[in-house]
Amino acid sequence: MKLNKTKSRGLSVILIIAIVLVIALAAFAAYRHFSNPGQTTSISASGQTLYSCPMHPEVVSDKPGKCPKCGMILEPKNT
Ligand SMILES: [Zn+2]
């Protein structure tokens, strides 16, 4: 009887740890999501951001992408 009780207590402790871990993971994911507002939000918010190639200033795009000449990722340019 005593052994059974101890065993079930250990199981519930593991269950609680598992639930706490899941909640902590969810909170961490939510924190990362909110502390790091993606590029899409800043683009739609400003609407005026232009992207240009660091090597080819003549290459300008109104959306993020790659330079057609060298393949580098276009960098946002606020002008
Ligand atoms: Zn380029």
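## Briefing: helices first, then a sheet

From the N terminus on, the elements of the protein chain run α-α-β-β-β. That makes two helices and three strands in the protein chain. The model is a predicted one.

- Strand β1 covers residues 50-52 and is joined to β3 by three bridges.
- β1 and β3 run antiparallel.
- Within this part of the sheet, serine 52 stands opposite glutamate 75, a residue of β3.

**The whole chain**

- The protein chain has 79 residues, and 3% of them count as buried.
- Take the contacts between residues at least 6 apart in sequence: 20% of these join residues at least 24 apart.

**Glycine 71**

- Where is glycine 71 found? It sits in the loop between β2 and β3.
- Is glycine 71 buried or exposed? Glycine 71 has 9 other C-beta atoms within 10 Å. A residue counts as exposed if that number is 12 or fewer, so glycine 71 is exposed.
- Glycine 71 and cysteine 53 are 18 residues apart in sequence. In space, the two are 8.8 Å apart, C-alpha to C-alpha.

Conventions
Residues numbered from 1 in each chain as written. Predicted model: local features only at pLDDT ≥ 70, side-chain atom pairs only at ≥ 80, totals over all residues. Pairing = 2+ DSSP bridges. Helix = DSSP H or I, 4+ residues; strand = E, 2+ residues; numbered from the N terminus. Buried ≥ 20, exposed ≤ 12 C-beta atoms within 10 Å, placed from the backbone. Contact = placed C-beta atoms within 7 Å.
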